Every structure is written in structure tokens, then in C-alpha cells.
Amino acid sequence: RVAAITNRYGALTGYTIRVGRYFESIALPLREVLLEPKASIALFGPPGSGKSTLVRSVVAMLAEEYGPRLCVVDSSNEIAGDGDTPHYLLKSARRLQVSDPEQLAAKLIEALINHGPAVMVVDELARPSEVKNIIRIVQRGVRVIACLHGDTIEEIVRTPDYAPLLGMSEGQRN
């Protein structure tokens, strides 16, 4: 993925080039959980800890099992690459690219309504609207595997936006 660096006037001053790693078998120890029909999974950890690398391996494993019933909502092109042709790890799974991060919540519902997924994979959930839509998706019987921003479980639990995902209300686990 290539991202521009601009100055305060919007003029281009540099680039950041990120190369996503793909290691096919790193999700293998999670296979039993990943293929559990009702299990939704939230991954979290500090930046650079390997969340997206793990998600790519998870997607490859699930793509073999679910084919086009696996829908990857690629909010920052971290999972399947930046071009029109997705990374081969997707096989026959569907990928929806998100042109603007502000549109991720809407793209999640689009995936649910238009593509009939059994499993949805999302990298980088961050906004309350996204969490709200993920809950709607899970309530409709679709499994979700998503990355959350946070270094520790304590930080995730203390983040009010994530409370509904964790079954919490007013600081208490339901």
C-alpha cells in the first residue's frame, strides 16, 4: 500500500510504502476455532504486532472452506492488496474495497445485504458506527473476524466504543 505524505498546504512531500506479509500457515493453530460455525473473533494488539499478517492467513484458510460465502471488507487494502486484482489468498472469496475509511460502516451493511456472507472479515474497526453495524451483522447469523485498536485487553474493555462488542453495558459484562 502506498500512502502520500503532505505538508500543511497539501503539497506532496513523500511516500510511505507498506508491504503486507503473507505466511500461509500461521493461522493453523487456530483452525478449530476458525471453523467453529458460531464463533466470531476479535483480534487486538499493538501496531506492528502481526494482526494483519494473521488476518491474511485466516482469510486464506476460510476462503478454502467458505469460497464466495466469505466476504472481506478491506477498509485500508491491508488484507488483499491495493489493486483491482486481489491477492491470490482470497481464492473465490469476495472482497469489497472501501474508498474512504468514513464509509466502512456503510460498506459492512452493503456486504451483508448484497453478498450473503457466512463469514465476514474486517481489518481495523475503529468507529462507533462500525461497531453498531458489526453487532447487526452478528445478530443476523454472520460470523465476524475483526481487528480492534488496542494494546491490551484492559484497554479494549475500557474503550466505550467497543463495549457493545464485548457484551458490556455501563461498565458491567452482561
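1. Strands β6 and β7 pair in the parallel sense over five bridges; two strands count as paired if DSSP finds at least two bridges between them. Helices (H or I, at least four residues) and strands (E, at least two) are DSSP runs numbered from the N terminus. V119 has R143 in β7 as its bridge partner. From β6 the chain crosses through α4 to β7, a right-handed β-α-β crossover (clockwise from the first strand over the helix to the second, with the strands pointing away from the viewer).

2. A word on the model: it is predicted, so local features need pLDDT of at least 70 and side-chain atom pairs pLDDT 80 or more, while totals for chains, interfaces and linings use all residues. Residues are numbered from 1 along each chain as its sequence is written, and side-chain values use heavy atoms, without hydrogens or water.

3. β6 (residues 119–125) also pairs with β4 (residues 70–74), parallel over four bridges. Here L70 stands opposite V119, and V72 opposite V121.

4. The open sheet has five strands in the order β3-β7-β6-β4-β5, with parallel pairing. Its edge strands, β3 (41–45) and β5 (94–97), each pair on one side only.

5. How enclosed is β6 by the rest of the structure? Largely, because six of its seven residues are buried, meaning under 20% relative accessible area with a 1.4 Å probe, protein chains only.

6. Helix α4 (residues 128–139) packs on the sheet, touching β6 and β7 (143–149); contact means heavy atoms within 4.5 Å.

How values were computed:
Axes fitted to C-alpha atoms, helices over the stretch in contact; angles between N-to-C directions. Buried < 20%, exposed > 50% of the residue type's maximum accessible area, 1.4 Å probe, protein only.
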